[in-house]
Amino acid sequence: MFSGGFEIWMLAILAPAMLLASWNDYRTHRVPNWLNAALAAAGIAAQGWVWGWAGVGQALGGMAVGFALLFGLWLMRGMGAGDVKFMAAIGAWLGPQMTLYAVAAGGIVGGILAIAMIIARGKWRETGTNFGVLLTKMSSVRTALSEFGSVGSLAGQAGVMPYAIPLTIGTGLVVLTKYSGWWGVL
């Protein structure tokens with residue numbers, strides 16, 4: 001998927017935008033809409049510039065994958081809408097296949113960071129309680145889509161992870177493996 005010059009644009013635009021989104025999410029628990037919109041527009045434009053209409057199709061496909069994979073979590077109030085839009089914007093740069101891998105890598109990184117946060121904060125009991133609430137939440141469609149057990153309602157107990165951070169790390173790992181040539185090995 002990568003070729004002549006696109007990598008430079010990706011490095012120059014995507015990397016700083018992801019770092020800014022992660023920093024902002026860490027500080028305020030929000031990823032700004034203007035940043036997501038600018039990142040998506042730049043990804044579509046860069047893909048279109050390098051590969052024409054096929055690139056635009058790849059960008060839109062990547063956005064659709066990034067959005068669709070996290071939309072369910074937002075619908076169940078398990079993550080913020082800014083994180084969903086952020087992954088869609090990243091998808092404009094990566095295309096569908098790499099976006100899928102980036103979401104998976106971000107999920108793994110998020111799980112590792114969540115465990116580290118639990119250990120560092122010593123929030124074992126609160127985490128156990130939250131896990132029980134989440135199991136109850138998933139017991140029916142009515143509770144799954146309700147505010148019950150949402151990230152907002154559980155935030156004060158064990159802490160909330162700014163999810164732009166694991167998405168950024170996961171995306172960085174996927175792009176790094178692609179650039180370094182490990183892609184074919186993995």
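Reader: Which residues does Phe-86 touch, once those up to four places away in sequence are not counted?

Author: In this predicted model, Phe-86 touches Met-18, Ala-21, Val-31, Asn-36, Leu-39, Ala-164, Leu-167 and Thr-168, where touching requires heavy atoms within 4.5 Å.

Reader: What makes the set of residues around Leu-14, Leu-39, Phe-86, Ile-90 and Leu-94 a nonpolar core?

Author: A nonpolar core requires buried residues of kinds such as Leu, Ile and Phe, joined through side-chain atoms within 4.5 Å. The largest set of this kind here has 30 residues, and the five you name are those with the most contacts inside it. The elements that give two or more residues to this core are α1 (6–28), α2 (33–51), α4 (81–121) and α8 (164–180), and α4 gives the most, with eleven residues.

Reader: Why is α4 called roughly perpendicular to α8?

Author: The axes of α4 and α8 come within 6 Å and cross at roughly 110°. Angles of 65 to 115 degrees count as roughly perpendicular, and therefore α4 is described as roughly perpendicular to α8. As for handedness, α4 passes α8 in a right-handed crossing.

Reader: What is the make-up, by class, of the contact of α4 with α8?

Author: The contact of α4 with α8 has 18 nonpolar residues, together with five polar and two charged ones.

Reader: Why is Leu-35 called buried?

Author: The relative accessible area of Leu-35 is 6%, and the term buried applies under 20%, so Leu-35 counts as buried. Leu-35 has its place in helix α2, and, leaving aside neighbours within four places in sequence, this residue is in contact with Ala-17, Leu-20 and Ala-21.

Reader: How far apart are Leu-35 and Ala-89, in sequence and in space?

Author: Leu-35 and Ala-89 are 54 residues apart in sequence, while their C-alpha atoms are 8.9 Å apart in space.

Reader: How do you know what share of contacts in the protein chain join residues at least 24 apart?

Author: The share is taken among contacts between residues at least 6 apart in sequence, and 72% of these join residues at least 24 apart.

Reader: What does the secondary structure of the protein chain come to?

Author: The secondary structure comes to eight helices and zero strands, so that, read from the N terminus on, the elements run α-α-α-α-α-α-α-α.

Methods: Residues numbered from 1 in each chain as written. Predicted model: local features only at pLDDT ≥ 70, side-chain atom pairs only at ≥ 80, totals over all residues. Heavy atoms only, no water. Buried < 20%, exposed > 50% of the residue type's maximum accessible area, 1.4 Å probe, protein only. Helix = DSSP H or I, 4+ residues; strand = E, 2+ residues; numbered from the N terminus. Axes fitted to C-alpha atoms, helices over the stretch in contact; angles between N-to-C directions. Parallel < 35°, antiparallel > 145°, perpendicular 65-115°, else oblique. Left-handed = near helix turned anticlockwise from the far one by under 90°. Nonpolar A, V, L, I, M, F, W, Y, C, P; charged D, E, K, R; others polar.
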